[in-house]
Amino acid sequence: MTAEAEERLLAGFEATIARNDRIEPRDWMPDAYRRTLVRQIAQHAHSEIIGMQPEGEWIGRAPSLRRKAILLAKVQDEAGHGLYLYSACETLGVSRAELTGLLLAGRQKYSSIFNYPTLSYADVGTIGWLVDGAAICNQVPLCRTSYGPYGRAMIRICKEESFHQRQGYELLMTMMRGTDAQRAMVQESVDRFWWPSLMMFGPPDAESTNSARSMAWGVKRNSNDELRQRFVDMTVPQADALGVTLPDPDLRWNDERGHHDFGEPDWEELAAVIRGDGPCNAQRMRHRRAAHEDGAWVREAASAFASRSAGAAASHSAEASATLSAEAGAR
Ligand SMILES: [Fe+2]
Ligand SMILES: [Fe+2]
């Protein structure tokens with residue numbers, strides 16, 4: 001391609017972004033835009049799949065049939081989210097198998113929140129309330145992201161995430177109306193998940209390496225700090241209604257700013273978890289790898305079936321056209 005032709009394509013791409021229109025799979029896009037999207041969507045897809053582990057552990061220990069049905073539905077939704085997102089990523093020319101390979105080789109990441117353990121059933125509620133709540137804050141703006149397939153996947157995902165948030169809040173509310181021991185269990189769980197939830201928005205804007213360019217391309221619509229603030233403002237009244245204390249002595253309403261002030265998360269902890277030194281990183285990857293290996297026969301069987309069906313369809317259509325030409329000949 002001549003430099004002039006490439007410049008024309010780039011100008012067209014930038015005009016589409018400036019108009020707030022969507023970039024679609026067949027449109028020309030700069031390599032760096034494609035790479036940024038693959039990285040972000042893949043990380044998002046991996047998070048949905050790995051995110052099934054901490055809660056999945058509790059399905060067999062749910063306290064009632066109703067709780068089990070809710071949790072099962074929620075964990076299955078997360079599997080579905082992973083699949084929509086892998087499909088969105090495939091429109092950029094990378095296969096799901098490649099992405100899974102990159103995750104298993106440690107070359108792509110997933111959200112650090114899933115490297116924390118779930119120690120009690122209250123954690124199912126806290127994850128729904130805080131972790132899915134933070135995910136909603138992050139994901140609602142992504143419904144308007146500049147890449148079409150990603151934005152459309154996010155619309156359905158966000159609807160399901162709000163069910164996740166509600167079921168978590170309802171579980172915690174039920175426990176808070178229970179015994180002292182149940183209330184203590186909720187508070188202990190919130191104490192463990194509050195700070196890691198704030199870290200889900202990523203490092204502070206000043207240190208976020210990929211943010212500025214993602215914003216310019218309309219891949220991201222709000223900065224990490226803006227979204228974190230939005231989450232805190234949304235969550236504080238909900239914590240009051242529940243009757244739990246958020247474990248931050250600096251948390252208070254600031255009249256001048258019209259927002260809550262809050263303390264600084266431990267960024268060294270976030271860096272350590274991202275590096276692989278969180279409490280459950282090794283366990284999560286071990287489990288993911290084992291699931292991949294145990295599922296090998298399913299993938300083999302599915303591809304054998306698909307190629308046999310494709311073969312049958314091909315010979316069927318060859319037969320049909322032979323019949324047609326025989327009929328044509330007879331006429
Ligand atoms: Fe999800
Ligand atoms: Fe969710």
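1. How much space lies in the second largest pocket? The second largest pocket holds about 560 Å³ of space, where a pocket is an open set of points, on a 1 Å grid over the protein atoms alone, at which a 1.4 Å probe fits and which has protein on both sides within 12 Å along at least five of seven lines. The volume is the space filled by probe spheres set on the points, with grid points joined across faces, edges and corners.

2. On provenance, this is a predicted model, in which local features need pLDDT of at least 70 and side-chain atom pairs count only at pLDDT 80 or more, while totals for chains, interfaces and linings use all residues. Residues are numbered from 1 along each chain as its sequence is written, chains are lettered from A and ligands numbered from 1 in the order in which they are written, and side-chain values use heavy atoms, with hydrogens and water left out.

3. The second largest pocket is lined by 19 residues, and nearest its centre lie Ile 49, Arg 96, Arg 288, Ala 291 and His 292; a lining residue has an atom within 4 Å of a point. Two or more lining residues come from each of H3, H4, helix H5 (96–104), helix H12 (281–294) and helix H13 (296–330), and H12 gives the largest share, with 6 residues. Helices are DSSP runs (H or I, at least four residues) numbered from the N terminus. By class, this lining has 8 nonpolar, 6 polar and 5 charged residues, with Ala, Val, Leu, Ile, Met, Phe, Trp, Tyr, Cys and Pro counted as nonpolar, Asp, Glu, Lys and Arg as charged, and the others, Gly among them, as polar.

4. The largest pocket has a volume of about 1,200 Å³. Its lining comprises 47 residues, those closest to the centre being Gln 43, Asn 138, Met 200, Phe 201 and Gly 202. H2 contributes the most to this lining, with 7 residues, and the lining as a whole divides into 18 nonpolar, 18 polar and 11 charged residues.

5. The iron ion (ligand 1) is coordinated by Glu 48 (OE), Glu 78 (OE), His 81 (ND1) and Glu 161 (OE) at 2.0 to 2.2 Å, donors being N, O and S atoms within 2.8 Å of the metal (3.2 Å for Na, K and Ca); water is not among the atoms, so sites may look incomplete. The 4 donor atoms subtend angles of 84 to 147°, which makes the arrangement irregular, since four donors count as tetrahedral if all angles lie between 85 and 135 degrees, four count as square planar and six as octahedral if opposite donors are over 155 degrees apart and all others between 65 and 115, and anything else is irregular.

6. Glu 78 bridges the iron ion (ligand 2) and the iron ion (ligand 1), which lie 3.4 Å apart. Glu 78 in helix H4 and His 164 in helix H7 link distant parts of the chain, 86 residues apart.
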